[in-house]
Amino acid sequence: MNHTEQLHDKSIKTRLFYNLSRVLTQSGDYEESIDYCLRAIKWCIDEEHLWGLGELHYHVGYNYELVGDYKKALPYVDKAILMFELRNDDTHLAFLKKRKEEILGRRDRSLVPESSK
């Protein structure tokens, strides 16, 4: 009977989408990875299930960072920071805040015209 409780665990679908998106990122399929993350985020919100929202938002931002779209990456990293603040997760917060500063630096460098470099 205890096994049936696992079938109702809403984090299973979130974890499945998240891990699938990680594999897609590792294989270079960034857009498909982003799609799975966004589907998982929508599902979490529809189901009022908060587990994984920070991780999913960060992963979308990470994918955008990998393709060099820092402007799109930042809002997702900001949302991830908010989610981890709500969870009082200081370990992830320190990492995310550092990542945000790195992305901001890359974004700012990419905005400088070639003639100014």
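Helices here are DSSP runs of H or I with at least four residues, strands are DSSP runs of E with at least two, and both are numbered from the N terminus. With these terms, the protein chain has six helices and zero strands, and along the sequence the pattern reads α-α-α-α-α-α. This is a predicted model, in which local features need pLDDT of at least 70 and side-chain atom pairs count only at pLDDT 80 or more, while totals for chains, interfaces and linings use all residues. Residues are numbered from 1 along each chain as its sequence is written, and side-chain values use heavy atoms, with hydrogens and water left out.

**The chain as a whole**

- Of the 117 residues of the protein chain, 38% count as buried, where buried means under 20% relative accessible area, exposed means over 50% and partly exposed lies in between, with a 1.4 Å probe and protein chains only.
- Among contacts (heavy atoms within 4.5 Å) in the protein chain between residues at least 6 apart in sequence, 50% join residues at least 24 apart.

**Helix α3 and its residue S33**

- The 17 residues of α3 should span 24 Å at 1.5 Å a residue, and this agrees with its end C-alpha atoms, which are 24 Å apart; the expected span is 1.5 Å times one less than the number of residues.
- The buried residues of α3 are S33, I34, Y36, C37, A40, I41, W43 and C44, and they pack against α2 and α4.
- S33 is placed in α3, which covers residues 30-46, and S33 counts as buried because its relative accessibility is 0%.
- Leaving out residues up to four places away in sequence, S33 touches S21, L24, T25, H59 and N63, and a polar atom of the S33 side chain lies 2.8 Å from the backbone oxygen of S21.

**Helix α4**

- With 14 residues, α4 reaches 20 Å from its first C-alpha to its last, which is close to the 20 Å expected at 1.5 Å a residue.
- Twelve of the 14 residues of α4 are buried, so this helix is largely enclosed by the rest of the structure.
- The buried residues of α4, among them L53, H59 and N63, pack against α2, α3, α5 and α6.

**Positive phi angles after helices and in loops**

- Most residues other than glycine have a negative phi.
- α3 is followed by E48, whose phi is positive, near 55°; E48 is found in the loop between α3 and α4, and it is exposed because its relative accessible area is 74%.
- N88 also has a positive phi of about 55° although it is not a glycine; N88 lies in the loop between α5 (70-86) and α6, and it counts as exposed, at 63% relative accessibility.
- α4 is followed by G68, whose phi is positive, near 85°.

**The largest pocket**

- A pocket is found on a 1 Å grid over the protein atoms alone, as an open set of points where a 1.4 Å probe fits, with protein on both sides within 12 Å along at least five of seven lines, and its lining residues have an atom within 4 Å of a point.
- The largest pocket has a volume of about 220 Å³, a volume being the space filled by probe spheres set on the points, which are joined across faces, edges and corners.
- Residues lining the largest pocket include Y18, R22, E55, H59, F84 and H92, and the elements that give two or more residues to this lining are α2 (11-26), α4 (53-66) and α6 (90-111).

Technical notes: A polar contact is a pair of N or O atoms within 3.5 Å; within protein, one must be able to donate a hydrogen and the other to accept it, and residues adjacent in sequence count only if both atoms are side-chain atoms.
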